[in-house]
Amino acid sequence: MEKSVVLDYGHGLPDPGACGCGLEEYKVAAEIGSAAKMHLERHNVKVVLTRTGPHSLSSARDLKQNKREDLNKRVAVTNAVDADLFVSFHLNSGGGTGYETLCYSIDERVRAVHDAVAEFLKNNNVKDRGIKVRTDLAVLKCKPKAMLLECLFIDNPKDMELMKKPSFFNGLAEAIAKGILTAIGIKYVPLKKSEKKEEPRMKQVDAEKVVAYLQAAWKVATCEDEKKEIGRLADEVRAAAGMKKVNV
């Protein structure tokens, strides 16, 4: 039988969730969840999302009413699906560090997801804050077994520096997906090397700055050979950041 999982990207405008280090929780939660979704779908798991855009599921203007309606609708969406698991993605705040799993009650499925992530965290020297029972969280009161993942602290610069590294970000999403698959009884199959994207050697923001300088030099260059060489160098910088070349 086909397995199905509900993925819940926490928050949604007008409520961005916790903010810190120039980041907003609702965006980062969706990015992590989307990366995990890719791994689940390649294992033929049916994935249902509670939200697919940046906004919450409520149109209420009052923020408290919006959040209350949004949570109720997320539970309703989840209960309408005969899902094997519900996983909500969030980021913590308050000056701490590390990762933790929140749930209404602990069982082997919750442990399977947490243990897969904990193993990854150990290899990256990230604090495992453990599994915590939270019966006060409305979003966990749904039909499928539910858990809420607090994926590091958005207001901790060290945590977010890690999150910005593609190797850590992708590894975390993969570990979460691996744990979910174990929880629903599917053997995890690692990506083949040919399927993995090569990590950029330069950040895109840095590449764009260098390219801007080269473009300025290209405009004042008088020799055609010099212009070609500048264009070649600009493309080398773009390639190092995983950007598309333009001087082909």
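Predicted model: local features only at pLDDT ≥ 70, side-chain atom pairs only at ≥ 80, totals over all residues.
Residues are numbered from 1 along each chain as its sequence is written, and side-chain values use heavy atoms, with hydrogens and water left out.

Let me stay with the cysteines for a moment. A disulfide is a covalent bond between the sulfur atoms of two cysteines. The rule applied here asks for a pair of cysteine sulfur atoms within 2.5 Å, and by this rule the count is 0 disulfides. Cys 19, for instance, is in no disulfide, and the nearest cysteine sulfur, which belongs to Cys 21, is 11 Å away. Cys 19 is partly exposed, since its relative accessibility is 44%, and Cys 21 is partly exposed as well, with a relative accessible area of 33%. Cys 21 sits in the loop between strand 2 and strand 3, the latter being residues 23–24, and its phi is near 55°, a positive value in a residue other than glycine.

Now to the chain as a whole. The protein chain has 7 helices and 8 strands, where helices (H or I, at least four residues) and strands (E, at least two) are DSSP runs numbered from the N terminus. The C-alpha trace spans about 70 × 45 × 35 Å along its principal axes, and of the 248 residues in the chain, 46% are buried. If we take contacts, meaning heavy atoms within 4.5 Å, and keep those between residues at least 6 apart in sequence, then 76% of them join residues at least 24 apart.

Next, please look at strand 1, residues 4–9, where 6 of the 6 residues are buried. Ser 4, Val 6 and Asp 8 point one way from this strand, whereas Val 5, Leu 7 and Tyr 9 point the other way, and all of them are buried. Which strands pair with strand 1? Two strands are said to pair if DSSP finds at least two bridges between them. Strand 4, residues 46–49, runs parallel to strand 1 and is joined to it by 4 bridges, with Leu 49 as the bridge partner of Leu 7. Strand 5, residues 85–92, also pairs with strand 1 in the parallel sense, over 5 bridges, and there Ser 88 is the bridge partner of Asp 8.

Strands 5 and 8 pair in the parallel sense over 6 bridges, and His 90 stands opposite Glu 150 of strand 8. Strand 6, residues 99–103, pairs with strand 8 in the antiparallel sense over 4 bridges, and here Thr 101 stands opposite Leu 149.

Pro 14 is in the loop between strand 1 and strand 2, residues 19–20, and a cis peptide bond joins Leu 13 to Pro 14, with omega about 15°. His 11 lies in that loop between strand 1 and strand 2, and has a positive phi of about 65° although it is not a glycine. With a relative accessible area of 21%, His 11 is partly exposed.

I will finish with Lys 245, in the segment after helix 7, which covers 224–240. Lys 245 is partly exposed, since its relative accessibility is 39%. Leaving aside residues up to four places away in sequence, Lys 245 touches Asp 235, Glu 236, Arg 238 and Ala 239, and its C-alpha is 9.2 Å from that of Arg 232, which is 13 residues away in sequence.

How values were computed: Buried < 20%, exposed > 50% of the residue type's maximum accessible area, 1.4 Å probe, protein only.
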